[in-house]
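Here is a set of exercises to work through with the model open beside you. Try each task yourself before reading its solution.

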There are 4 protein chains.
Amino acid sequence: MCRWAAYRGDPIYLEELVSSPAHSLIEQSHCATRAKTATNGDGFGIAWYADRPEPGRYRDILPAWSDCNLRSIARQIRSPLFLAHVRAATHGATRRDNCHPFVHGRWSFMHNGQISGFEHIRRRMEALLSDELFHARTGTTDSELLFLLALEFGLDISPRTAIARAIETAEALSRETGGEVLVRFTAAFSNGEALYAVRYATDDKPPTLYAAPLGNERSYCLVSEPLNDEADRWAEIPNGAMIVISDRGMATERFLPQASACAA
Amino acid sequence: MCRWAAYRGDPIYLEELVSSPAHSLIEQSHCATRAKTATNGDGFGIAWYADRPEPGRYRDILPAWSDCNLRSIARQIRSPLFLAHVRAATHGATRRDNCHPFVHGRWSFMHNGQISGFEHIRRRMEALLSDELFHARTGTTDSELLFLLALEFGLDISPRTAIARAIETAEALSRETGGEVLVRFTAAFSNGEALYAVRYATDDKPPTLYAAPLGNERSYCLVSEPLNDEADRWAEIPNGAMIVISDRGMATERFLPQASACAA
Amino acid sequence: MCRWAAYRGDPIYLEELVSSPAHSLIEQSHCATRAKTATNGDGFGIAWYADRPEPGRYRDILPAWSDCNLRSIARQIRSPLFLAHVRAATHGATRRDNCHPFVHGRWSFMHNGQISGFEHIRRRMEALLSDELFHARTGTTDSELLFLLALEFGLDISPRTAIARAIETAEALSRETGGEVLVRFTAAFSNGEALYAVRYATDDKPPTLYAAPLGNERSYCLVSEPLNDEADRWAEIPNGAMIVISDRGMATERFLPQASACAA
Amino acid sequence: MCRWAAYRGDPIYLEELVSSPAHSLIEQSHCATRAKTATNGDGFGIAWYADRPEPGRYRDILPAWSDCNLRSIARQIRSPLFLAHVRAATHGATRRDNCHPFVHGRWSFMHNGQISGFEHIRRRMEALLSDELFHARTGTTDSELLFLLALEFGLDISPRTAIARAIETAEALSRETGGEVLVRFTAAFSNGEALYAVRYATDDKPPTLYAAPLGNERSYCLVSEPLNDEADRWAEIPNGAMIVISDRGMATERFLPQASACAA
């Protein structure tokens, strides 16, 4: 189970979420308190937006806590919109191409969760990709594949529908193979303008997701696990919800894959 | 706090200690049950003796659990004498040169422990090395420096005296700088013939050390933490003891640095 | 363009081909004299057979010349049958999963060459794999895919037919896409018993392949480029040939994919 | 022999020197045309100044040409003052701590050159460092040591005198050991305000150094080798010269270590 943090608002140094707080991502990579996996030592990544439409990215397979490049970069770079992730491998070997965030054009995406029986449906999921997105796949994780499927299904046009269809596709293929239908999905993603997050599971154990204002009223932070002990500051996002943070502030919508998929 | 295992006896595959048992080193690198540091994700190393006088070595900075090279090598290589180590960094950055075992000529050495205030005495310890051994230092750890000092003090002639003098030197320099005199030292080392181990601390908290026979009567395994739950199989080595495993079996001697140093 | 060396015969230290000769692979990784690409700094790998049916393997993405692990392992391990490779990337990013030799069960495989327009036929080639071999694919190179296709086509039963069908498949798919049909293929592969090599190209520029006896009469070395300047010692293998080195010595057969494919 | 580029002026993307030009550093890392060593595959590094007094830094041991992080970072970050380096190892193993630029506080430093017989004077050079700077040494290169000595000798107060004394010290120690006195030194360094460079050798073969305006009249680029074929655009800096680029433009001073050292 991975850990992540995302931010949208007035520009701040990446280190304010990555390495400075009492429960910073780097600290969490050593010892997460709410996560089921004690250690997130299988790599990390950051994607940040600056002057260009597409994000910059730095990721590596070392444990986040021992990477001096990460500390230096996070200390130097300021951004109004960024994603940061530490990985505990479930599917896919420890290598750079399997480290989040995944990036395609303007989009960045990171994920915490799992698809039960992914190895039995992976090939059929990949077969749904267009040639362009098939060749854009460089790793072997379920997370990257869900992201590419969402792009295939129109992430640029309707993020909610596209993510929902990606999840619904995984559920439908699991059902067809006769396996258990279990998807747990807590993800953040962005096109450089809005910051999106989804919390969803087919059972009652979706990976946690919290939101908090940070600094002024239009700046928000989303995290898989609170970054400090001020419990009342962090609002837990319920299962089946989608968050959109834009210039208009933070909005919450219902997120139900099956319904979306039917409507699509 | 690091974890290690060492073996001397009939040739066995390295994986029998490194990756196969219920509490193998690789498993321990994820979650040590008796160690104070939960995770040993700062690299690993193996040194094994085969046909040549000097050992082969493989070490890297990835967490041991994610290194497919380690699994393949440990599965393929058989050796009558080897050392294996997983690291949780205390002194020295995460890089290959700081990964145990350290090797010099025929000797290999690995260590679990600490010298309190090492940063204040490091330079004076290094100044005691001959030019040849000074230039042999490639990392920044206290462990490598204790090994090189022991070589300086005659590890080839009397392992016990040389290790004792290295420790005593650290204690004396700590005393001179007015700092706390605290050395905890549990190490294994070999010249390709005998396998040695020492458990020692200036206080009553020496890192643990266990021994167990493995296979036939002349084959032994030494570990920082038992590799399985058969508690009665593992003999805990007391504080202030040195183990020597040779063709004549396993012998235990008292190990008291101050006394040795006085006598030297 | 990559460089490689393979050996079958009386057990020798890997370093005798990897790091010792005047034109050793490590030296060649710095500056190949006959190759079109001056530098092979995109990783390396070795696969060697010992007591188990499947080979051991060590590969990494550093330039071979700077990897101290490779030097130590090559100096320590003796084997009667091994493959060694240094890589200059053409298809596929620099990462461990793209480093040769590739291994599947008892088989190891390494390759120097190219498929023109691979990106246009890759997906269709992958679609020909069974689920088991599809999931065994961990990298993105054309080399790994040719190896998996050969396994699919019965490498265990008839190496020559299986390799020929893999190449013929690439040629046929290129033809169908209307692109240039250009395959250059110089590969070595082994099941732990015999050592095989093929030199083939659709044009008149197949990557070079040389053979030489090494030591006693039943020990042979195969290389992409001679390891020293004793030109008369190395026999150049002609285009369209397959080498088989077994207990019966070295045999040369004609190798013509189209013919084999027609007959299959 | 290494390759480097440095810039001071209006903010530009790092990629304009690192990866975009016809003879960009990344291209040069593959095949330098004027350098004696054909390949610079032993790591790379960038140090850039932004809002903080101290620079950010990213360095790694992969060949620059295969690092996707470097391309992404260089494409995303804009800076008015930065240093970039690709390494061909002469002294010191391939590891991050030996990759340029070196950073200490506000200062960054990178170097191309050599001290003949460095291994015989290294220990005595290190002994001249204060405890603070001795502990700041994390690698084993002559370059890092010259930088730390310059800091010891007052780089903050008089860059020219400090660099001159560091070089003179190396020359004097070489003379004392009876070895050849040969220092070749082409370096760039900065405190975040001015950009400095020195070209100097005890013989007539100082590593090359070129300067060119870039963009508006107060923006300059310094390189070890021209980044494109517009030969008339690049001014070769003579042996025994120091460049200072500041808000007042580019100035050239004579640089003679012995004279400076005498005057100090």
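## Exercise 1: Where chain D meets chain A

Task: find how many residues of chain D are in contact with chain A, and describe that side of chain D.

Solution. Start with the count: 24 residues of chain D are in contact with 24 residues of chain A. Keep in mind that you're looking at a predicted model.

Next, take the area. The size of an interface is often given as the accessible area lost when the parts come together. For chain D and chain A, about 2,100 Å² is buried between them, and 36% of it sits on carbon and sulfur atoms. Arg52(D), Gln76(D) and Arg96(D) supply 33% of the area that chain D buries against chain A, more than any other three residues.

Now look at the pairings. Between chain D and chain A there are 10 salt bridges, and 19 residue pairs are in polar contact. On the side of chain D that touches chain A, β3 and α3 (68-76) of chain D each supply at least two residues. The most comes from α3(D), with 6 residues. Sort the residues of that side by type and you get 9 nonpolar, 4 polar and 11 charged.

## Exercise 2: Following the salt bridges

Task: pick out salt bridges in the structure and say which parts each one joins.

Solution. Side chains of opposite charge can pair when their charged atoms come close.

Step one: go to Glu15(D) and Arg52(A), whose side chains meet in a salt bridge at 3.1 Å, N to O. This pair crosses between chains, with Glu15(D) in helix α1 (residues 15-18) of chain D and Arg52(A) in the loop between β2 (44-48) and β3 (56-60) of chain A. Both Glu15(D) and Arg52(A) are buried.

Asp97(A) and Arg95(C) are both buried.

Step three: stay inside one chain. Arg59(D) and Asp97(D) meet in a salt bridge at 3.7 Å, N to O. The two residues are 38 apart and link distant parts of the chain, Arg59(D) being in strand β3 (residues 56-60) of chain D and Asp97(D) in the loop between β4 (78-86) and β5 (102-104) of chain D. Buried means under 20% relative accessible area. Arg59(D) has 4% relative accessibility, so Arg59(D) counts as buried. Asp97(D), at 11%, counts as buried too.

Step four: look for a network. Asp60(A), Asp67(A), Arg96(A), Asp60(D), Asp67(D) and Arg96(D) are joined into one by salt bridges that share partners. As for Arg96(A), its salt bridge with Asp60(D) has the closest N and O atoms 3.2 Å apart.

## Exercise 3: One histidine and its surroundings

Task: is His100(A) buried or exposed, and what is in contact with His100(A)?

Solution. First find the place: His100(A) is in the loop between β4 (78-86) and β5 of chain A. Its relative accessible area is 2%, so His100(A) is buried. Then follow the side chain of His100(A), which reaches the backbone nitrogen of His111(A) at 3.1 Å. Leaving aside neighbours within four places in sequence, the contacts of His100(A) include Phe44(A), Arg59(A), His85(A), Phe109(A) and Ser143(A).

## Exercise 4: A covered helix

Task: work out how many residues of α6(A) are buried and what covers them.

Solution. Helix α6 spans residues 142-152 of chain A, and 10 of its 11 residues are buried. Among them are Asp142(A), Glu144(A), Phe147(A) and Leu151(A). The cover includes β6 (107-115), α4 (118-127), α7 (159-176) and β7 (183-190) of chain A. After α6(A) comes Gly154(A), with a positive phi near 95°.

## Exercise 5: Partners of a strand

Task: which strands pair with β9(A)?

Solution. Strand β9 (residues 210-213) of chain A pairs with β10 (residues 220-223) of chain A in the antiparallel sense, over 4 bridges. Here Ala212(A) stands opposite Cys221(A). The hairpin has 6 residues between these strands, and Gly215(A) in it takes a positive phi near 75°. β9(A) also pairs with β11 (residues 235-236) of chain A, again antiparallel, over 2 bridges, where Ala211(A) stands opposite Ala235(A).

Notes:
Residues are numbered from 1 along each chain as its sequence is written. Chains are lettered from A and ligands numbered from 1 in the order in which they are written. This is a predicted model: local features need pLDDT of at least 70, side-chain atom pairs count only at pLDDT 80 or more; totals for chains, interfaces and linings use all residues. Side-chain values use heavy atoms; hydrogens and water are left out. Buried means under 20% relative accessible area, exposed over 50%, partly exposed in between (1.4 Å probe, protein chains only). Contact means heavy atoms within 4.5 Å. Two strands pair if DSSP finds at least two bridges between them. A polar contact is a pair of N or O atoms within 3.5 Å; within protein, one must be able to donate a hydrogen and the other to accept it, and residues adjacent in sequence count only if both atoms are side-chain atoms. A salt bridge is a side-chain nitrogen of Lys or Arg within 4 Å of a carboxyl oxygen of Asp or Glu. Buried area is the accessible area (1.4 Å probe) that two parts lose on being put together, summed over both. Ala, Val, Leu, Ile, Met, Phe, Trp, Tyr, Cys and Pro count as nonpolar, Asp, Glu, Lys and Arg as charged, and the others, Gly among them, as polar.
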